[in-house]
Amino acid sequence: MALVVQKYGGSSVSDAESIKRVAKRIAEAKRAGNDVVVVVSAMGDTTDELIDLAQQVSPLPPQREMDILLTAGERISMSLLAMAITNLGVRAKSFTGQQAGLITDAVHGKARIVDVVPHRIRETIEKGQVAIVAGFQGVTESTNDVTTLGRGGSDTTAVALAAGLDADVCEIYTDVDGVFTADPRIVPSARKIDRITYEEMLEMAASGAKVLALRCVEYGRRYGVPIHVRSSFSGKEGTFVSADAYTAQDPAPTPGTRSADIPEETAMEAPIISGVAHDRSEAKITVVGVPDVPGTAARIFEVVAGSGVNIDMIVQNVSAARTGLTDISFSLPEGDGPAAMAALSALQAEVGFDSLQFDDQIGKLSLVGAGMKSHPGVSAKLFGALRDAGINIEMISTSEIRISVVTREDSLDDAVRAVHTAFELDAAEGEAVVYAGTGR
């Protein structure tokens, strides 16, 4: 008997028939002798529809009230799913995030989990029932207010519960058959990755791969939770995310496995490149004519950080000898652009820069692979592929296992396909299947 936490995204429970199909899969897992805890997202586009509804009645709705409103979507899903499972002869009980013991900080809209106290979930499991938990939500310890965890919050809920319950595996069900070498909506020839490390998956998630939320992978790595990405529309094995990479013929990873335990021939066959990720949700701000004196850049980024904005890539030009001025460009989430621009505008008189430029027509491409750091020529091949495709590079950022570049948004799809082919990541035959359309 194993304790399995399963998470189903909105596309997997988009309507009544989909909910009944998911209920059947859960009932089968329970009848196979497993203890099962399920985390469920809101049905289809319910969350977006609720956001639109709120904006129709208020241009600036209070964030606390937005959290109460948005948690309704998952509550609808959890209760309907519990009904469908019960109808199949398997006992099930639904719980809100608060009832499940998910304690968060007090940041409405993007709260972070600070503790998991799943007493009621354990009691339900001990009674032989399936526990259905509303994803994406929790409760503050200080005020008892409902909070939401932001985009991808249901993934994070599932992994946090798996850690709190010491589950054997956390299965993330979505509308594709696993993690692919690129988004199959853009690259139909993308190959499914059978095994991938937490570090590689973190880089891919941070670079725009939407199949797993970044915070979910961070939580999994921190607590050693094996994550299994699968499709709720098929019975294919999917992708395992764990501490060490394995080839397809290896057994499923188990907690605590060390790199030294991997057979030498397996490690030698590990691919250099894991995949190509892309992100359209970033923008670029350029601070023009910055005095090139010590402390100026620090002041600029202190102000940006103070406005709650996360910065991704930074480029500073060499100052012109004649003027002593330089330009500083950085990328950031597009939605954070107004806050950053307002904060910098207020700083202009103090710092003395000339002007600000905002560009939301950019796209980011990232090449990810743990073997890159020990293989020369990867950068040359990447830039050569983009050159041959006629694509200009505006910014570059690197880590030990990632190279990211910023291009024009309208050339991003071509860039992804060119790089994917250049690194021989295309599948030998067949095309990747997208069963629904959202990737979540």
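Helices (H or I, at least four residues) and strands (E, at least two) are DSSP runs, numbered from the N terminus. With that in place, take helix α10, residues 296–306, which holds Val-303.

Before going on, the ground rules. This is a predicted model, where local features need pLDDT of at least 70, side-chain atom pairs count only at pLDDT 80 or more, and totals for chains, interfaces and linings use all residues. Residues are numbered from 1 along each chain as its sequence is written, and side-chain values use heavy atoms, with hydrogens and water left out.

Back to Val-303. Is Val-303 buried or exposed? Buried, at a relative accessible area of 15%. The cut-offs: buried is under 20% relative accessible area, exposed is over 50%, and partly exposed lies in between, with a 1.4 Å probe and protein chains only. Beyond its neighbours within four places in sequence, Val-303 is in contact with Ala-343, Leu-344 and Leu-347. Contact means heavy atoms within 4.5 Å.

Next, the eight-stranded sheet. Its order is β3-β6-β2-β1-β9-β13-β14-β12. The sheet is open and the pairing is mixed. Two strands count as paired if DSSP finds at least two bridges between them. β3 (92–95) and β12 (195–197) are the edge strands, each pairing on one side only. From one strand to the next, the twist averages 20 degrees. Angles run from 0 to 180 degrees between N-to-C directions, and axes are lines fitted to C-alpha atoms, for helices over the stretch in contact.

Look inside that sheet. β1 (residues 3–8) and β9 (residues 169–174) run parallel, joined by five bridges. Tyr-8 has its bridge partner in β9, namely Tyr-173. Helix α6 packs on this sheet and touches β1, β2 (35–40), β6 (130–134), β9 and β13 (227–231). The direction of α6 makes about 155 degrees with that of β2. Helix α7 packs here too, touching β12 and β14 (239–242), at about 85 degrees to β12.

Four strands, open, antiparallel, in the order β15-β20-β22-β21. β15 (275–279) and β21 (395–399) are at the edges with a single partner strand each, so one side of each has no neighbour in the sheet. β21 and β22 (residues 402–408) are antiparallel and share five bridges. One of the pairs is Ile-396 with Val-405 in β22.

Which helix lies across β15, β20, β21 and β22? That is α7 again, residues 198–206, running at about 170 degrees to β20 (362–368). Helix α12 (residues 378–388) lies across β20, β21 and β22, at about 15 degrees to β22.

Two helix pairs to finish the packing. α6 (residues 153–165) and α8 (residues 214–223) have axes 8 Å apart, at an angle of about 15 degrees. They are therefore roughly parallel.

α12 and α13 (residues 412–422) pack at about 135 degrees, axes 9 Å apart. That pair is therefore oblique. The contact includes Leu-382 and Ala-385 of α12, with Ala-418 and Val-419 of α13.

Last, helix α3, residues 63–87. Its 25 residues reach 37 Å from first C-alpha to last, close to the 36 Å expected. That expected span is 1.5 Å times one less than the number of residues. Buried residues in α3 include Met-66, Leu-70 and Leu-81. After α3 comes Gly-89, with a positive phi near 90 degrees.

Notes: Parallel < 35°, antiparallel > 145°, perpendicular 65-115°, else oblique.
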